[in-house]
Amino acid sequence: MNIVFRQLFDEQSCTLTYLLADPMTGDAVLIDSVREHVGRYLTLLQELNLQLVWLLETHAHADHITGAAGMREVTGARSASGEHSGISCADRHLKDGDFIVFGGEVLRAIATPGHTPGCTSFLWRDRLFTGDTLMIGGCGRTDFQGGDAGTLFDSIGRILSHPGETLVYPGHDYKNMRVSSVEQERLSNVRIKDQTRESFIELMNNLNLPRPRLIDEAVPANLRCGRNEDMIDIHAV
C-alpha cells in the first residue's frame, strides 16, 4: 500500500498527532496538531516534500493547545472540525459522512460525540483515527465540556461496527500503546467489554477523575484555533 503516514507523539500531553499524505501529489493532512511542535511539523513536511492542505481536529482539546493557527499562517492550509465542536474559526465544519479530499486520497468524517458534543473520528483507507472517543483499552471521559456517557456508548458502537481488521489510532497514548484494531477493542477494551448502555453510563458517571490541568487555558485557546487572545484571526475577517 503506497502511502505516506507518520504517527507523532507529544510527551507532555501524551497526544498522538497524525500526518497523512498522497505520495503522488504531496498533498498532506495533519490530525490533532500540538502548538509546541509546529516547527517539527514544518521540518517534516519539508523533508518529505509535502504541502499541507488540511488541519483536522477530532474535538476542542482540554489537555493541549492545537498548532492549527501557526500551521495555517505558514502553510496556507485550511482547518476543519466537527460541526458541533464550537470551533467557529475553522474553515470548514464537518457533518457526519462529509469527505476531506487531499490529492487522490479521501478521508471520511464520522460523528462520534459523547466525550464532547463535537467529537469526530476520521476513516482513511484501513484505519480509523478516533481522537478521545475510543482509546486503546479505554475511552474518553464524559464529565466536562458537555460530555454524555450514553451518547459516547452509541458512538463507540459506531466505531466498533467497522470490520474487525480496521486499525484504530487513538488521540492519546498513556500506556505505550499506539495502535489497535476494531476486533482487539471489541475483545479486550475494559471500559466497554460486557457493558450494557446502562452499566456503561453508571461506570462513566462514577470515575471521579481529577480535573484536566490545562482545561481552563486549552479549551478557550482551541476554540480560537490555537491563537492567542490578542492576535487577529485573518481567517475570520
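Mentor: One term to begin: buried means under 20% relative accessible area, exposed over 50%, and partly exposed in between, with a 1.4 Å probe and protein chains only. This is a predicted model, so local features need pLDDT of at least 70, side-chain atom pairs count only at pLDDT 80 or more, and totals for chains, interfaces and linings use all residues. Residues are numbered from 1 along each chain as its sequence is written, and side-chain values use heavy atoms, with hydrogens and water left out.

Trainee: Is R127 buried or exposed?
Mentor: R127 counts as buried, at 7% relative accessibility.

Trainee: What does R127 form a salt bridge with?
Mentor: With D126; the closest N and O atoms are 2.9 Å apart. A salt bridge here is a side-chain nitrogen of Lys or Arg within 4 Å of a carboxyl oxygen of Asp or Glu. D126 counts as partly exposed, at 30% relative accessibility.

Trainee: How many salt bridges in the whole structure?
Mentor: The search finds 10.

Trainee: Which parts of the chain does the R197 and D154 pair link?
Mentor: Distant ones: R197 is in helix α5 (residues 197–204) and D154 in helix α3 (residues 149–160), 43 residues apart. Helices (H or I, at least four residues) and strands (E, at least two) are DSSP runs, numbered from the N terminus. In this salt bridge the closest N and O atoms are 3.0 Å apart. R197 is partly exposed at 32%, and D154 is partly exposed at 38%.

Trainee: And E183 with R186, how many residues apart are they?
Mentor: 3, within helix α4 (residues 182–188), so about one helical turn separates them.

Trainee: New topic. Which residues have the most contacts inside the largest nonpolar core?
Mentor: L20, I31, L56, I100, L107 and F129, in a core of 18 residues. A nonpolar core is a set of buried Ala, Val, Leu, Ile, Met, Phe, Trp, Tyr and Cys residues joined through side-chain atoms within 4.5 Å.

Trainee: Which element gives the largest share?
Mentor: β2, with 3 residues. Elements giving two or more include β2 (15–21), β4 (51–56) and β8 (105–111).

Trainee: What is I100 in contact with?
Mentor: Leaving aside neighbours within four places in sequence, its partners include W54, L56, R92 and L107. Contact means heavy atoms within 4.5 Å.

Trainee: Which residues are in the other core?
Mentor: Among them are V38, L45, L52 and A77; that core has 16 residues and lies apart.
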